[in-house]
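Me: I am new to this structure. Please show me how to read its features, step by step.

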Amino acid sequence: MRKNKLRKLYTPDFICNVKLCFSSDSSDVQRLSFIVDGEANKDVKNNAICPFCDGYTMTKNTPNYIEASKAEYIKINLQLKDLEKAIISISTEKLSLEQSA
């Protein structure tokens, strides 16, 4: 009985969706790390001259989005680890079901 339920659950579409979630979260982690790293390595002086328009640039310290990005990065990284474990577990269970069939 349990095997039939698991066979219905572990369809190719289900496994594909889990892998898509993993891929999406991986992209989010890359995007967020780009934001956080970029801000950490930013070396713009206040009132610097723009190389395109020769106007003065004004910089604002806006740590709110950096802190939010860091928090989101940590959260998504944890989700990625859980998804990784789920993919391994699903793949193992599916292989076991296929071998017992």
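Reply: Start with a definition. A salt bridge is a side-chain nitrogen of Lys or Arg within 4 Å of a carboxyl oxygen of Asp or Glu. Keep in mind that this is a predicted model.

Me: What is the general idea behind such a pair?

Reply: Side chains of opposite charge can pair when their charged atoms come close.

Me: How many salt bridges does a search of the whole structure find?

Reply: The search finds 3 salt bridges.

Me: Let us take them in turn. Which residue forms a salt bridge with Asp 28?

Reply: Arg 31 does. The closest N and O atoms of Asp 28 and Arg 31 are 3.6 Å apart.

Me: Where do Asp 28 and Arg 31 lie?

Reply: Both are in helix H2. They sit 3 residues apart, about one turn of the helix.

Me: Which residue pairs with Glu 67 in a salt bridge?

Reply: Lys 70 is the partner. Their closest N and O atoms are 3.8 Å apart.

Me: Why are Glu 67 and Lys 70 separated by about one helical turn?

Reply: Because they are 3 residues apart in helix H3.

Me: What is the relative accessibility of Glu 67, and of Lys 70?

Reply: Glu 67 is at 46%, which means partly exposed. Lys 70 is at 35% and counts as partly exposed as well.

Me: Which side chain meets Lys 75 in a salt bridge?

Reply: The side chain of Glu 72. From N to O the distance is 3.7 Å. Lys 75 and Glu 72 both belong to helix H3. Here too the spacing is 3 residues, about one turn of the helix. Lys 75 is partly exposed at 43%. Glu 72, at 30%, is also partly exposed.

Me: Now the backbone. What is the phi of Asp 54?

Reply: Phi is positive at Asp 54, about 60 degrees. Yet Asp 54 is not a glycine.

Me: Where is Asp 54 found?

Reply: In the loop between helix H2 (12-40) and helix H3 (63-100).

Me: Is Asp 54 buried or exposed?

Reply: Its relative accessible area is 61%, so Asp 54 is exposed.

Technical notes. Residues numbered from 1 in each chain as written. Predicted model: local features only at pLDDT ≥ 70, side-chain atom pairs only at ≥ 80, totals over all residues. Heavy atoms only, no water. Helix = DSSP H or I, 4+ residues; strand = E, 2+ residues; numbered from the N terminus. Buried < 20%, exposed > 50% of the residue type's maximum accessible area, 1.4 Å probe, protein only.
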